[in-house]
Amino acid sequence: MKVGIDSYCYHRFFGEVYPQQSDPGRRMTLEDFLQRARQLQAGGVSIESCFVPNKDPGYLREVKAMLDEFGMDRVWAWGHPDGLEGGRNREAYREMIASLDQAAWVGAGVMRVVGSSLSFRHEPHEPQIARLTEMFREAVKAAQDRGIRLAVENHIDFTAEEILRLLGEVGSPYLGLNFDTGNFLRLLDDPVKAMKKLAPFVLATHVKDLKPQKGVSADEWFFFSSTPVGDGLVEIEQLVRLLDEAGYQGFLAVEIDFLHPDYGGDEDGAVARSLQELRRITAALAKGKEAEV
């Protein structure tokens, strides 16, 4: 199983700085990110389209050539921060469908999408799921035409049971899940129990580890802040094992959103440590399978 990076790890360097964070004082381009991913020997990247200002086909085909040269798997990620807004935003739906072409131009077989978000988590879920079901029943037809699978993320919005119901009601192999290991914890929905239900549907991942941040209100989304993989509360090794048992074909994409202050604002260092830990986990898993043979 390959390990990789979601470009959201570097969101401050792409210009998205949360009010509680400091500006790093410099900016990063997509090319900078891909070169850094190459230096870190990432096997795949998830590219957040919100940080790609130029979406012309010619440019995105140049990005594809760069990724091909680097030998990297890729996911095109659409929908930050609120996506389809719980199924209310038809303009966002049209943008999502148009983004399928962008995914094709960069050579991505999977496009991460966002149905709802933490902004709507306290609104009734049933109407949101009903609206999203109808939207995704339409969207999978366009996705199938392009040979691209949609992976809806658990975006601090729905529980594992609700995600499972959404996927079941759409009922298409062209809609699966971008499993975010940390976002279930932020809803107090156990990630391991969630993975046991959802592993067969996982098309992409955000491998995120979390621990509480002292002095932050428990109802803030970043009360559980990001750590390097292995330093937090999420049982990443068990989650990877469950993915492997389910025959997961994608890569493990490290994601850091709000880095815990214990790590001094060094997202890049946290990414490097996370990749190292994921390589240890996947190597141990492979060794265990060889021993069984």
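Buried, in this talk, means under 20% relative accessible area, exposed means over 50%, and partly exposed is in between, with a 1.4 Å probe and protein chains only. Take phenylalanine 258: its relative accessibility is 5%, so it counts as buried.

Ground rules next. This is a predicted model, where local features need pLDDT of at least 70, side-chain atom pairs count only at pLDDT 80 or more, and totals for chains, interfaces and linings use all residues. Numbering runs from 1 along each chain as its sequence is written, and side-chain values use heavy atoms, with hydrogens and water left out.

Back to the rings. Rings of Phe, Tyr and Trp (its six-membered ring) pair if their centres lie within 6.5 Å; planes under 30 degrees apart are stacked, over 60 edge-to-face, the rest tilted. The whole structure has 11 aromatic pairs. Tryptophan 221 sits in the loop between strand E8 (209-212) and strand E9 (224-227), and phenylalanine 258 in the loop between strand E10 (252-254) and helix H9 (267-292). That puts the partners 37 residues apart. Helices (H or I, at least four residues) and strands (E, at least two) are DSSP runs, numbered from the N terminus. Both tryptophan 221 and phenylalanine 258 are buried.

Phenylalanine 258 has a pair with phenylalanine 222 too, and this one is stacked: 4.4 Å between centres, 10° between planes. Phenylalanine 222 lies in the loop between E8 and E9, 36 residues from phenylalanine 258. Why is phenylalanine 222 called buried? Because its relative accessible area is 5%. Tyr18, Trp221, Phe222 and Phe258 make up one aromatic cluster.

On a 1 Å grid over the protein atoms alone, a cavity is a set of points where a 1.4 Å probe fits but cannot get out; a pocket is an open set with protein on both sides within 12 Å along at least five of seven lines; lining residues have an atom within 4 Å of a point. Points are joined across faces, edges and corners, and a volume is the space filled by probe spheres set on them.

The largest pocket holds about 340 Å³. Of its 20 lining residues, Tyr8, Tyr18, His80, Leu118 and His155 are the closest to the centre. For classes, Ala, Val, Leu, Ile, Met, Phe, Trp, Tyr, Cys and Pro are nonpolar, Asp, Glu, Lys and Arg charged, and the others, Gly among them, polar. This lining splits into six nonpolar, six polar and eight charged.

The second largest pocket has about 290 Å³. It has 21 lining residues, with Val110, Arg149, Leu203, Gln249 and Gly250 nearest its centre. Strand E3 (73-77) and strand E7 (202-206) each give two or more residues to that lining. E7 gives the most, four. By class: 11 nonpolar, seven polar, three charged.

How many cavities of 30 Å³ or more turn up? One. The largest cavity has about 40 Å³. Among its lining residues are Thr181, Met195 and Leu252. Helix H8 (residues 236-245) supplies the largest share, four residues. The classes there are seven nonpolar, two polar and no charged.

Last stop, histidine 125. It belongs to helix H4 (residues 125-146). Its relative accessibility is 17%, so histidine 125 is buried. Its side chain reaches the backbone oxygen of arginine 121 at 2.8 Å, a polar contact (a pair of N or O atoms within 3.5 Å; within protein, one able to donate a hydrogen and the other to accept it, and residues adjacent in sequence counting only if both atoms are side-chain atoms). Beyond neighbours within four places in sequence, histidine 125 is in contact with Asp157, Phe158 and Glu162, where contact means heavy atoms within 4.5 Å.
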